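Keep the viewer open and follow the points in order.

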Amino acid sequence: MIFRYIAIFFILFPIKVYALIEVDITRGNLSPLPVAVSPLSIDNESKEIFKKIFKNRNVGLEISKIVENNLKQSGLFNPLNKDAFLQEPDIAHLKPRFEDWTLIKAQALVTGKVTFVDEKLKVEFRLWDVLAGKEIMALAFTTAPTNWRRVGHIITDKVYERLTGERGYFDTRIIYVSEKGPKIKRIKKLAIMDQDGFNTKYLTLGNELVLTPRFNPTNQMVTYLSYFRNLPRVYLLDIETGMQEVVGDFPGMTFAPRFSPDGKKIIMSFAKDGNSDIYTMDLENRVVERITNHPSIDTSPSYSPDGKYITFNSDRSKYQQIYIMKSDGSKVKRISFGKGLYGTPVWSPRGDLIAFTKLHKGKFYIGVMRADGTGERLLTENFYQEAPSWSPNGRVLIFYRETKTNEKGEGFSAKLWSIDLTGYNERLVSTETDASDPSWSSLLSK
Amino acid sequence: MNRNIIISSGFHLIIIMITAMSLPFLSKKPIDLPLTVSVEIIQITDKTNIPLAPKTKKIIEKIKKKEKLISEQAPPKIVKKEKPDAVPLPDEKIKKVQKIEEKKQNPEKIDNEVKQVSEFEKKELFDPNNIAALIDKSKEESAKTMLKNDKVTQDQDKNVNNLGLSLSEEDALKAQIFGCWSIPLGLPYNENLLVRIKLKLKPDGSVIRSEILDHARMNKPGQGFYKVLAESALRAIKLCQPLRVPTTGYERWKVLQLNFDAREMLGG
């Protein structure tokens with residue numbers, strides 16, 4: 001009975017209740033996140049030792065510059081000018097005065113400390129959310145002092161991952177073909193460098209023409225194509241030891257050998273009986289298996305990250321287009337239908353996209369499309385560019401671009417460029433010489 | 001038995017009647033509809049002191065011209081324009097009263113724009129005893145209308161309380177947050193990228209408390225991107241505060257939910 005009266009009371013005298021207001025925020029800015037990278041502090045004791053090891057170079061400052069440069073190159077961060085910093089590195093590392101960092105509009109702060117412990121370099125770093133006023137990451141690395149640049153790259157990867165939600169790509173290397181000399185008489189060598197252009201090493205002497213080097217999944221081995229006495233050969237090269245071996249001599253035109261995701265096979269195309277098809281070779285028993293068998297020209301195969309599918313280009317529909325098929329060669333399906341010619345398809349490490357080169361109306365484009373062929377996007381256009389290779393996180397592509405020569409045949413150059421998936425962050429990758437055919441390694445520290 | 005049926009029927013009848021009359025109406029006074037002058041124009045002028053847009057001025061002048069025709073007394077003419085935000089200092093006020101008293105000698109010189117000055121300002125500016133002498137009958141009527149309108153405005157404000165933010169209020173808030181939210185571009189675009197944050201706000205728009213509604217998802221394995229997204233949303237709120245909230249109706253928006261959805265930006 002009482003409940004009935006209460007119910008009647010509430011019906012007759014309703015209480016005013018406000019509905020919760022919801023506001024949908026569906027847009028934001030894509031401008032780079034302002035980040036302050038404070039120089040890493042060094043204690044006095046270590047400072048004296050570092051003076052001898054690094055020849056007066058301030059290793060704390062240098063590491064912070066590597067982090068800063070990497071973040072800037074990604075296009076997603078805006079490292080703030082160090083001159084504007086109000087707090088000393090050693091104090092900032094212990095407890096930053098967030099007001100000082102908010103004042104210079106930093107949203108994230110990287111601090112750190114470098115010490116010399118047991119003949120090794122120990123680097124601590126902390127990542128702070130300035131607006132929330134809290135520490136969001138803290139890690140320490142110990143390594144040989146000569147490895148100090150890599151520490152900078154690893155720190156960047158950690159910062160990048162924490163702030164963007166995807167893995168970084170900074171502690172990686174790029175293998176490419178270094179080129180020197182006039183266009184008609186180029187000397188081509190295999191070269192390897194850190195992704196920021198430092199620590200370049202040459203792996204071959206330049207006696208023979210080398211083409212299309214590709215890393216294996218562990219980054220220890222490289223497969224590439226070389227012409228020996230005008231015959232194409234597929235090689236395997238151990239980067240650490242410098243040992244190389246011939247995988248096989250193949251007849252006719254051979255193209256672009258590439259490892260399978262498990263590293264046990266090499267996939268490539270070569271011409272047999274005048275017909276270019278796709279083949280795999282088992283690296284253990286050297287058995288060659290034919291994957292496609294079609295009178296058209298099938299080239300540039302690339303595995304999906306799970307190894308279940310292969311993408312390749314073929315002119316079986318009259319014009320060169322991109323196809324996918326199962327790894328045993330069954331269920332071939334054309335996925336590109338746009339105008340122009342499509343080539344060099346490469347499956348993204350994420351598995352969602354396929355990068356390609358497109359030739360249309362005399363211009364070359366680097367683009368991406370989904371694995372089902374939808375959502376084609378052209379990222380960059382130029383006179384001549386090709387051979388895209390993915391960064392390990394599937395966000396950035398590296399490729400090479402050639403310039404036009406003048407009437408006298410001068411002015412030719414080939415350079416490496418990178419572009420991210422937005423298509424806006426296009427950058428020249430610095431190399432000691434001209435460069436072509438780049439291939440990006442996976443992360444060295446996993 | 002019959003008695004119970006009668007009581008039950010009686011109550012049912014009452015409930016049906018209340019429902020038919022729609023409940024919120026019972027708690028409110030009947031609304032006197034405005035006659036001619038736009039409520040919104042007066043409200044904006046009163047509250048924000050923003051000078052009227054030329055188009056609005058024209059509309060008001062049009063309305064006043066109509067009044068001019070109805071009025072039996074000498075019609076007021078525009079002598080000079082007074083900006084609504086020009087609230088004079090005390091000395092100036094006295095001078096102004098004197099000036100208006102002079103104008104009284106010639107009713108044709110009465111400032112037509114006085115209508116745009118709010119009722120509050122009028123009270124400050126003029127001696128109540130002089131108002132009757134200063135303003136003609138039609139003015140009084142118009143002032144009454146404006147007072148009525150003011151009442152209606154407040155009453156309508158009560159109605160708005162249940163409706164949420166107006167489009168312009170919501171747009172202002174959205175535009176502010178759009179500028180502050182740096183979307184983490186590395187997020188997977190095929191995932192559920194919606195972060196709901198409930199805010200408790202102060203009347204000035206600063207944040208008392210923020211709460212991520214799907215907080216449990218932050219620490220779930222394989223949902224690292226959600227944490228990154230949620231943190232970016234919190235950063236945006238902190239960077240933006242005080243939030244651009246309406247100046248009135250605090251009760252209505254003191255608790256606000258922001259739904260940060262990055263799918264549109266990342267999926268495209």
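This is a predicted model: local features need pLDDT of at least 70, side-chain atom pairs count only at pLDDT 80 or more; totals for chains, interfaces and linings use all residues.

1. Now widen the view to the whole contact between the chains. On one side are 27 residues of chain A, and they are in contact with 42 residues of chain B. Within chain A, β1 (21–25) and α6 (148–164) each supply at least two residues of the side that touches chain B. The largest share of that side, 5 residues, comes from β1(A). By class, the side of chain A that touches chain B has 14 nonpolar, 7 polar and 6 charged residues.

2. Chain B itself deserves a look. Its secondary structure consists of 12 helices and 3 strands. Of its 268 residues, 20% are buried. Among the contacts in chain B with a separation of 6 or more, 82% are between residues 24 or more positions apart. One backbone detail to find is the cis peptide bond from Q241(B) to P242(B), whose omega is near 5°. You will see P242(B) in the loop between α10 (224–240) and α11 (250–253) of chain B.

3. Back to chain A, which the domain assignment divides into domain 1 (33–164) and domain 2 (173–440). Taken over C-alpha atoms, the centres of the two domains of chain A are separated by 36 Å. Where they touch, 5 residues of domain 1 are in contact with 7 residues of domain 2. Helix α3 of chain A, residues 59–74, gives the largest share of the domain 1 side, with 3 residues. That side of domain 1 has no nonpolar residues, 4 polar and 1 charged.

4. What about the nonpolar core? The largest one holds 129 residues, and those touching the most other members are V35(A), I63(A), A108(A), I354(A), A355(A), L229(B) and A233(B).

5. Next, follow the strand β25 of chain A, residues 363–370. Why is β25(A) largely enclosed by the rest of the structure? The reason is that 6 of its 8 residues are buried. On one pairing, β25(A) meets strand β24 of chain A, residues 353–360, in the antiparallel sense over 8 bridges. Here T357(A) stands opposite I366(A). Another antiparallel pairing, over 5 bridges, links β25(A) with strand β26 of chain A, residues 377–382. In that pairing, F364(A) has N382(A) as its bridge partner.

6. K361(A) is a residue other than glycine. K361(A) counts as exposed because it has 6 other C-beta atoms within 10 Å, the limit being 12 or fewer. The hairpin of β25(A) and β26(A) has 6 residues between the strands, and G373(A) in its turn has a positive phi of about 95°.

7. You can find N219(A) in the loop between β11 (210–215) and β12 (221–228) of chain A. With 19 other C-beta atoms within 10 Å, N219(A) is partly exposed.

8. Finally, there is an open sheet of 4 strands in chain A, ordered β27-β28-β29-β30 with antiparallel pairing. β27 (384–390) and β30 (426–429) stand at its edges with a single partner strand each, so one side of each is left without a neighbour in the sheet. On average, neighbouring strands of this sheet are turned by 30° against each other, direction ignored. Strands β28 (residues 396–402) and β29 (residues 414–420) of chain A run antiparallel, joined by 7 bridges. To locate this pairing, look for Y400(A) and its bridge partner L416(A) in β29(A).

Methods:
Residues are numbered from 1 along each chain as its sequence is written. Chains are lettered from A and ligands numbered from 1 in the order in which they are written. Two residues are in contact if their C-beta atoms, placed from the backbone, lie within 7 Å. Ala, Val, Leu, Ile, Met, Phe, Trp, Tyr, Cys and Pro count as nonpolar, Asp, Glu, Lys and Arg as charged, and the others, Gly among them, as polar. Two strands pair if DSSP finds at least two bridges between them. Axes are lines fitted to C-alpha atoms, for helices over the stretch in contact, and angles run from 0 to 180 degrees between N-to-C directions. Domain bounds come from an automatic or database domain assignment. A nonpolar core is a set of buried Ala, Val, Leu, Ile, Met, Phe, Trp, Tyr and Cys residues joined through C-beta atoms within 7 Å.
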